[in-house]
Amino acid sequence: MSAAAAPHPWSAPTSSGSGAVIAWRFAKGLDSGTAGLQWVLKRNCSITPAQLFGTYLALCVVSLSIALGFSWNGASPVLAFAGIELLLVGAALLVYARHAADQERITLADGSLSVEHVRGQQTAHTEFRAAWVRVEPRHGEGSLVELSGDGRQSFVGRYLRPDLRTHLAHELRAALRASTAAHAASEPRTPHSEPK
């Protein structure tokens, strides 16, 4: 048995105002250079679509080689069954690959919170004013984090472990408070005219 040490790829745990240690940081800065934060929650896929296609191709070559060997020796039904098997496995892998890129993208920038859900070929987009968003971590097994405001709601955290959803809710709340305070401080104040 051997052990190896590697640098930790995530930022060190930080402490919240209540003294509790936050185990995970979800947000990252926006790539476009715009000031803001973005949370990208993806499926945990262990194989890329290109690797999946290569694996399926290798499976086809091996399976058809064996089936052709049997067919050459007089057992021709083996080739038909191998073809049916490869078609069914290909269909299952196609369904898997179609949902491999499913994700939730939460973007906080310019006083608004944008939530984008990508499931297969469908994309749903919900926009909130950051100052009016409520973040509610639902309690119970498998509960999602509810974002609501402006008469709309969205549920996030499908691709997180249930124990990390509460941390995500706390981080979203803190980011929304900081964004609202920064947005209010940056707005120019107009003097009120006093009645005569």
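Strand 9 is mostly covered, with five of its five residues buried (buried means under 20% relative accessible area, exposed over 50%, and partly exposed in between, with a 1.4 Å probe and protein chains only). Helices (H or I, at least four residues) and strands (E, at least two) are DSSP runs, numbered from the N terminus. The model is predicted, so that local features need pLDDT of at least 70 and side-chain atom pairs count only at pLDDT 80 or more, while totals for chains, interfaces and linings use all residues. Residues are numbered from 1 along each chain as its sequence is written, and side-chain values use heavy atoms, with hydrogens and water left out.

Both faces of strand 9 are covered. V145, L147 and G149 are buried on one side, and E146 and S148 are buried on the other.

Two strands pair if DSSP finds at least two bridges between them. Strand 8 and strand 9 are joined in the antiparallel sense by four bridges, and E136 has E146 as its bridge partner in strand 9. Strand 9 (residues 145–149) pairs with strand 10 over five bridges, also in the antiparallel sense. Here E146 stands opposite F155, and L147 has S154 as its bridge partner. The hairpin of strand 9 and strand 10 has two residues between the strands, and D150 takes a positive phi near 55 degrees in this hairpin.

L147 is also among the residues with the most contacts inside the largest nonpolar core, together with I106, L113 and V135. This core has 19 residues (a nonpolar core is a set of buried Ala, Val, Leu, Ile, Met, Phe, Trp, Tyr and Cys residues joined through side-chain atoms within 4.5 Å). Strand 4 (37–42), strand 5 (103–109), strand 6 (112–119), strand 9 and helix 3 (162–186) each give two or more residues to the core. Helix 3 supplies the largest share, five residues.
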